[in-house]
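Morning, everyone. Have a look at the model on the screen, and I'll walk you through two annotated positions and a ligand.

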Amino acid sequence: MGGRVNEDLIKERRKCTFDIKELTHIIDCGEENTIKRKQIDNYILNIKELWDDVPEEYLSHKERYENAIKKAFIVLKVLRQLHTGNIQITDHRTPTNVYSIQDGIFRNVNPLLIHIGLFWSTIAAQASTEQQAEWLQPDSSMIGTYVQTELGHGSFIRGIETTATYDSTTDEFILHTPRLSAYKWWPGGLGNTANACLVMAQLYINGTCHGLHIFLAQIRDFDTHKPLPGIKVGEIGPKMGFNTADNGFLGFDNHRIPRTNMLMKNVQVLRDGTYVKPKHDKLTYGSMLLTRVTLISDLAYQLSKAATIAVRYSAVRRQSPIKSNEPERQILDFVSQQHKLFITIASSHVYRVVGLWMWNSHKRVTADIHEGNMGQLPELHALACCLKAISSRDASALVEQCRLACGGHGYMMASNLPQIYAYTTAAVTYEGEYTVLLLQTARYLVKFWRLAAEHKPLPQNFAYFEDYIKKNFEQWRNSPEGIIEGFKAIVAGKTKAAYDTLQCNLRNGREFEEAWNMASVQLTNASEYSTISRNDIEALQSRYEELLALIRPNAVGLVDAFDIRDEVLCSTLGAYDGRVYERMMEEASKSPLNEDVVNESFHKYIRPVTMKNKL
Ligand SMILES: CCCCC/C=C\C/C=C\C/C=C\C/C=C\CCCC(=O)SCCNC(=O)CCNC(=O)[C@H](O)C(C)(C)COP(=O)(O)OP(=O)(O)OC[C@H]1O[C@@H](n2cnc3c(N)ncnc32)[C@H](O)[C@@H]1OP(=O)(O)O
Ligand SMILES: Cc1cc2nc3c(=O)[nH]c(=O)nc-3n(C[C@H](O)[C@H](O)[C@H](O)COP(=O)(O)OP(=O)(O)OC[C@H]3O[C@@H](n4cnc5c(N)ncnc54)[C@H](O)[C@@H]3O)c2cc1C
């Protein structure tokens, strides 16, 4: 759509006091990465077959899937070319770079996301060298998914009921679904797309259960795509979002796979049925750990999209004068609006930085694990659980806040905010549900509190627990260091309170697990435990308001620096040129309900009623 840029946005961009490009380079971790990112964006977004004539919202569930799968294979081809260097761009700023522009292409989710993001990465991380050589071929016929959750169990994976029983007479595993609750349910791409999967099942050898292991199973014929004998597979139906992802169900009826299809890098079953234990029994959970880490960066990106849309719109939208004799103001001038939006910009930066830090930590810990050193795994797990939980919860709350900050127009699908919300809020549940993951981190913290309470030596990272016990905390200072100290005091105080409740429940004769459950609200909620006083809070509040005023002239510059193209934002409210009302009218004209001047239902249903008395 041609036309001039909105006057208010032009003025906002003139007001900006910093170099927008410089911030973009910081976000990209360097100018070189910005250049590469833009090359990838240009390359992919210029592929004409990826763009729709009819907006996604007007398609049926089936049409959406078929349209998405067409695009998914175009994107897959490009990803393979990037990977092999046939397209000369090889490096990306963060793990989510190539994934992120897909949001614009699918306006939903790539049905091959789990194939690309989880299936291959799990094989790369958990299959033996020989298995990788066989399965990780560039021309492989496999389209895979990651099949873990069952109808009856998602969070408590030790409760998974699918079995893999070793048959030493044929050197095979028999995969079996013993009852309805054991049906696999949810995996993305399983419904219609995948012909293979990595399935999590309880391993049985000679009647002994060795717990959860991962197996590669072919489920459809590579040529005809028909389900193999003994496989019952299908799609689970429409959801709040993720409607292009053909999430599926799967049941096995004594389905046989070769013994060598168990992922055997960390754990082995030998030909004679000997079980060789892994060095750490949670290595099988490694793919969940990695995905939790990558999700933090993705959620930061979703926040930057929502902030871009809502800030640009708030600069263009004028409603109500502040003084009655003045013209109507940009809604961005209302301090309450600034509070809603600037916090979203800030949170995006916070989770971007933390996501990158976690990505690098994961790389480091994985290299250690490779050398046989498992020492850092528990801390990484505790951090990943907590950060995945709070980043997804914050992101979905803030995306919704941005949507509400756009008033009625934020409710339009064409604003793209409802889709970003539906996508973001799913992350609170998948890959480990919010409360369940917080309780994993609580378990880790309580373990170290116990050491502190018993005056045993603590690792350096937990020295602040000891400080708290000895009341070594300094008086609150209104500074970044003071805020960090304050947070440490909160964590220590909260952990102490939860630990004390736990001990009290135990003294009253409860079993540990029951006592833990009774303390679980305390274990997941944070409260104020620092030395901060009422006056400090007032000082913080006024500093916060000063900062809002300082940020105000730079708000549009800050979101421009995220450098998200219009094709990816897909928003009538958030486009770079700010021609909001023109775009809204143009989108409305695409509604099928505007195709006929008089809809046929008028003749069928309305006229017979309204004209009844006149006939
Ligand atoms: C796919 C994307 C790929 C990436 C692409 C990049 C970007 C794309 C962007 C976005 C992606 C967008 C969309 C993706 C869409 C959908 C994907 C969804 C895929 C799924 O949705 S896929 C299913 C995930 N489903 C879960 O997420 C289940 C959650 N449920 C659990 O995860 C376990 O059930 C748990 C942990 C709650 C309990 O497990 P448990 O009962 O066996 O253990 P228990 O509590 O008894 O703890 C005993 C000891 O193990 C330690 N421990 C536990 N876990 C560990 C680990 N991982 N590492 C190291 N230590 C660990 C403990 O800390 C403790 O240690 P200690 O004893 O010392 O205290
Ligand atoms: C969009 C989407 C995509 C998905 N993709 C995949 C996929 O590709 N592959 C796959 O295998 N799975 C997938 N899943 C499944 C997902 O991983 C699970 O839904 C998730 O792990 C939560 O498990 P659940 O559904 O069993 O929730 P439940 O565990 O039944 O949770 C219900 C409630 O019980 C509470 N609860 C449960 N246990 C405890 C406890 N111990 N203490 C306190 N409270 C508790 C929870 O906090 C929650 O409030 C997907 C899910 C979604 C929504």
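Start with the contacts of Thr149: leaving aside neighbours within four places in sequence, this residue touches Gly154, Lys184, Trp185 and Trp186. Contact means that two C-beta atoms, placed from the backbone, lie within 7 Å. This is a predicted model: local features need pLDDT of at least 70, side-chain atom pairs count only at pLDDT 80 or more, and totals for chains, interfaces and linings use all residues. Residues are numbered from 1 along each chain as its sequence is written, while chains are lettered from A and ligands numbered from 1 in the order in which they are written.

Why Thr149? An unreviewed UniProt entry places the feature "binding site" at Thr149 and Gly188. They span 40 residues in sequence, yet no two of their C-alpha atoms are more than 10.9 Å apart, so they gather at one spot. Such annotations may be inferred rather than shown by experiment.

Buried or exposed? Thr149 is partly exposed, with 18 other C-beta atoms within 10 Å. Gly188 is buried, with 27. The cut-offs: buried is 20 or more other C-beta atoms within 10 Å, exposed is 12 or fewer, partly exposed is in between.

Gly188 has its own contacts, again leaving aside neighbours within four places: Leu113, Ile114, Thr145, Ala245 and Asn247.

Now ligand 1. It is surrounded by 32 residues, each with its C-beta atom, placed from the backbone, within 6 Å. Among the closest are Gly117 and His381. Domain 1 (143-284) and domain 2 (435-530) both contribute, so ligand 1 lies between them. Those bounds come from an automatic or database domain assignment.
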